[in-house]
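These are my notebook entries on one structure. I wrote them in the order in which I looked things up.

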Amino acid sequence: METVSKKPKDMYESVKEQFENAANLMGLNSNIKKILSATNNEIIVNFPVRLDNGEVEVFTGYRVQHNNALGPYKGGLRYHPSVDINAARALAIWMTWKCSLAGLPYGGGKGGIQIDPSKFSKSELERITRRFTYALGDNIGPDIDIPAPDVNTNSEMMAWIADTYMATKSPSNRNAFSHVVTGKPVGSGGLEGRDRATGYGVVVSIQAWADWKKTSLDGKKYIVQGYGNVGQWASIFMKEKGAILISVQDASGTIYNENGIDPEELLEFASKNNGNVNGFPKALELKSSTFFSLECDICIPAALGNQITENNAENIKAKLIAEGANGPINPDGESILLRNGVDIIPDILCNSGGVIGSYFEWLQNKSGELWIIDDVMPKLEKKVIHSFNSVVEAASEYHTDFRNAAYIVAIKRIEKTYIQRGVFP
Ligand code: NAD
């Protein structure tokens, strides 16, 4: 008989199921559950941009604002063909939980544009970014909604956003708005260390897991999917722990060397190869489908969502999956992994270093201070370790896995706020 394979759950279905599981387990107040099940605002803008060839193209941009009980919406902007309203919803909801778990005064938002940025010139990307910012208008702002970099967006684009937004304000107080966006270049109000904050947080959480397991990272073999901002920095910090990178997969291909790939050499190679890892001379090329089944201790997905599902989870050999990416494992994939005894550091904990770094940048801009990297990294480490410990505690209290535990800690903080404040009117 022919077997019909079901389409794996998408990110939005996943985040809803994860919320439902945690809400039931903790006995979340039913009215607050209704509030948190909906997104507050969903902004879709269509805006024209003149391309280099003189033609005008109309682009569609998204910004979903899930919940702001704890503070302004906060979350990245993604430029990728997979960006749509459901992807923005899922990613915005994850940001609400992430900011709450990290103890930050932020809610959750996320957005982006459905484009493949590799098909546009730099000056086209600048015009697209500036016009998108203009179209969002006062839906964003330092005390309203604060974007940041995500897949295919970088510090330069954040500087364009800040500059465009500030240009719409009166000259006398333009500088009061530089923290409309975080992840800016250091010379333009950015934070020293924000570039590596997410990757650093990933490795701090992996080290915290190793300490909890009473093991060492020295000599542990690991694989990384995605060699962009998060994957690169996570690999560099894993090297400092003595761990050995044996395979990397990105959009260009999969490379493998059982004796180890040097993260810095690979970065130098990729920077001259359009950011791609394929063709790295000190590694073999592998078929993409073999990546997740490689023999290793730790797997760091740091690319897109929905990479580990019921279709490939059974083959995973890693003992730990550290979610650098948002939503890389869907709930059906996760059930298989948990049954097989694989530990998971969930995204809202594992990659929270990025938003923690963004929070420091926002504080720095707000108070007119300039922090130095030696102060930033220990502060960030302390916050990630604190979250890790609160997740371990909740997992033991509720006899549950780390994802449910992380959700419970995050949701409890928001529940408390609603209980204290009530619901208007
Ligand atoms: P990036 O654009 O710098 O890098 C993305 C990487 O993913 C690239 O190496 C790209 O080649 C790879 N990739 C794209 N499609 C792929 C595919 N189909 N298969 C394998 N690899 C693929 O993005 P980033 O900022 O490093 O973000 C990566 C992930 O981390 C995303 O899920 C993002 O939401 C999450 N994240 C990022 C930050 C941050 O501060 N940048 C913070 C928290 C979470």
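Which residues is Asn365 in contact with, leaving aside its neighbours within four places in sequence? I looked this up in a model that is predicted. The list is Ser178, His179, Lys184 and Gly189.

**Entry: Asn365**

I placed Asn365 in helix α11, which covers residues 353-367. Its relative accessible area is 16%. I took under 20% as the cut-off for buried, so Asn365 is buried. I then checked for a polar partner and found Lys184: the two side chains make a polar contact of 2.8 Å. Lys184 is also in the contact list of Asn365.

**Entry: domains**

Next I noted how the chain is divided. Domain 1 is made of two pieces, 39-176 + 403-425, and domain 2 is 197-350. I have the C-alpha centres of the two domains 27 Å apart. How many residues of each domain are in contact with the other? I count 13 residues of domain 1 against 12 residues of domain 2.

**Entry: ligand**

I listed 21 residues around the ligand, and the nearest are Asp150, Asn152, Thr198, Ala303 and Asn326. By class, the shell divides into 8 nonpolar, 9 polar and 4 charged residues. Two helices, α6 (194-212) and α7 (229-240), each supply at least two residues of this shell.

I then went through the polar distances to oxygen atoms of the ligand. For Thr198, an N or O atom of the side chain is 2.7 Å from a ligand oxygen. For Asn326, a polar side-chain atom lies 2.8 Å from a ligand oxygen. For Val230, a backbone N or O atom is 2.9 Å from a ligand oxygen. I also noted the area: the ligand taken alone exposes 830 Å², and the protein buries 85% of that.

**Entry: Gln249**

I found Gln249 in strand β7, residues 244-250. Is Gln249 buried or exposed? Its relative accessibility is 9%, so Gln249 counts as buried. Its side chain has a polar contact of 2.8 Å with the side chain of Thr254. Beyond four places in sequence, I have Gln249 in contact with Thr254 and also with Val224, Gln225, Gly226, Ser288 and Phe291.

**Entry: Lys241**

Lys241 is in the loop between α7 and β7. I have Lys241 as partly exposed, at 34% relative accessibility. Not counting residues up to four places away in sequence, Lys241 touches Val203, Gln207, Leu217 and Asp218. I also took one C-alpha distance here: Lys241 and Gly219 are 22 residues apart along the chain and their C-alpha atoms are separated by 8.5 Å.

**Entry: Ile85**

I looked up Ile85 in helix α3, residues 85-101. With residues up to four places away in sequence left out, Ile85 touches Glu42, Ile44, Tyr62 and Val64.

**Entry: backbone geometry**

I went on to backbone angles. Most residues other than glycine have a negative phi, and most peptide bonds are trans.

I noted two residues with a positive phi. Asn274 has a phi of about 55° and is not a glycine. I found Asn274 in the loop between α8 (263-271) and β9 (284-286). At 76% relative accessibility, Asn274 counts as exposed. Asn306, also a residue other than glycine, has a phi near 60°. I found Asn306 in the loop between β10 (298-301) and β11 (320-322). Asn306 is partly exposed, with a relative accessible area of 24%.

Which two residues does a cis peptide bond join? I have Phe424 and Pro425, with omega at about 5°. Pro425 is in the segment after α13 (402-421).

Technical notes:
Residues numbered from 1 in each chain as written. Predicted model: local features only at pLDDT ≥ 70, side-chain atom pairs only at ≥ 80, totals over all residues. Heavy atoms only, no water. Near = heavy atom within 4 Å. Polar contact = N/O pair within 3.5 Å; in protein donor to acceptor, adjacent residues only side chain to side chain. Areas by Shrake-Rupley, 256 points an atom, 1.4 Å probe, with all protein chains shown as cover. Helix = DSSP H or I, 4+ residues; strand = E, 2+ residues; numbered from the N terminus. Nonpolar A, V, L, I, M, F, W, Y, C, P; charged D, E, K, R; others polar. Buried < 20%, exposed > 50% of the residue type's maximum accessible area, 1.4 Å probe, protein only. Contact = heavy atoms within 4.5 Å. Domains from an automatic or database assignment.
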